[in-house]
Amino acid sequence: MERSFAGRRALVTGAGKASRDVAGIGRDTAKALFASGAQVVAVSRTQEDLVSLAQECPGIETLCVDLGDWEATERSLSTIGPVDLLVNNAGVALLQPFLEVTKEACDRSFDVNYRSVIQVSQIVSRGLIARGSPGAIVNVSSQASQCALKDHAIYCSTKSAMDMLTKVMALELGPHKIRVNTVNPTVVMTAMGKANWNDSKKSEAMLSRIPLGKFAEVEDVVNSILFLLSDRSAMTTGSALLVDGGYLVG
């Protein structure tokens, strides 16, 4: 599907991460948007990752900030300029059994996976409304928002909260011509995905429930994000696009 984002400016959070031979959803989304003509601002808390991204794709703007820090985020994004497209991809997966969940893991997970989505989306949406411009926001959620997974008490909860937040955002921002959707992938073969699912016994149990018999690749998720950002989905808002190989049909 040919897509052009020429003339649009996109902000992608969690855009830095990628390890050797392993792609990252945010990083590859930023690269795909840039290749499709968009001006791109890539946000990450790791300066080294942003430097390598800028070297790989000269012309991408970079911004280093920890989105779990409300005040630092406010300072950094207050002068970001006009943004038409937003991808809230920044996230952490701190896996703990329910009885061992710590305050630190809970706070960090909700700060990054949920609260930062509110803050960054507020900043971008206020700018769109002030300019009278339409826009599109994609929040990167998970199939874990809709099913319970062992040791994922906090992660599942943050993604469920994100899904409902997305629906409320779609309801309230729709009159301003701002669309808001989620993509909800199964396990994705990012560095984080491989780290959390490298146990063959654990991964085989998950794979056995996926009708397509495989985990998602980063490209699968990026393509879904680009679709939801594009005018091809102009009548779609408040929706969750499953990229799960059929995991949730059973």
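User: In this predicted model, what makes a residue count as buried or exposed?

Analyst: A residue is buried under 20% relative accessible area and exposed over 50%.

User: Why is Ser78 called exposed?

Analyst: The relative accessibility of Ser78 is 52%. The cut-off for exposed is over 50%, so Ser78 counts as exposed.

User: Where is Ser78 found?

Analyst: Ser78 belongs to the loop between helix H3 (70-77) and strand E4 (85-88). Its C-alpha atom is separated by 40 Å from that of Asn198, 120 residues apart along the chain.

User: What makes the pair formed by the side chain of Ser78 and the backbone oxygen of Arg75 a polar contact?

Analyst: A polar atom of the Ser78 side chain lies 3.0 Å from the backbone oxygen of Arg75.

User: Which residues lie nearest the centre of the largest pocket, and how is its lining made up by class?

Analyst: Asn89, Gly91, Val92, Thr190 and Met192 lie nearest the centre, in a lining of 46 residues. That lining has 23 nonpolar, 17 polar and six charged residues, around about 920 Å³ of space. Helix H6 (191-196) is among the elements that supply at least two residues, and H6 gives the largest share, four residues.

User: How do you know that the lining of the second largest pocket has no polar residues?

Analyst: The lining consists of Ala148, Leu149, Lys150, Asp151, Trp197, Lys202, Ala205, Met206, Arg209 and Tyr247. Ala, Leu, Met, Trp and Tyr count as nonpolar, and Asp, Lys and Arg as charged. The division is therefore six nonpolar, no polar and four charged.

Terms used
Residues numbered from 1 in each chain as written. Predicted model: local features only at pLDDT ≥ 70, side-chain atom pairs only at ≥ 80, totals over all residues. Heavy atoms only, no water. Buried < 20%, exposed > 50% of the residue type's maximum accessible area, 1.4 Å probe, protein only. Polar contact = N/O pair within 3.5 Å; in protein donor to acceptor, adjacent residues only side chain to side chain. 1 Å grid on protein atoms, 1.4 Å probe; cavity = no way out; pocket = protein on both sides within 12 Å on 5 of 7 lines; lining within 4 Å. Points joined across faces, edges and corners; volume = space filled by probe spheres on them.
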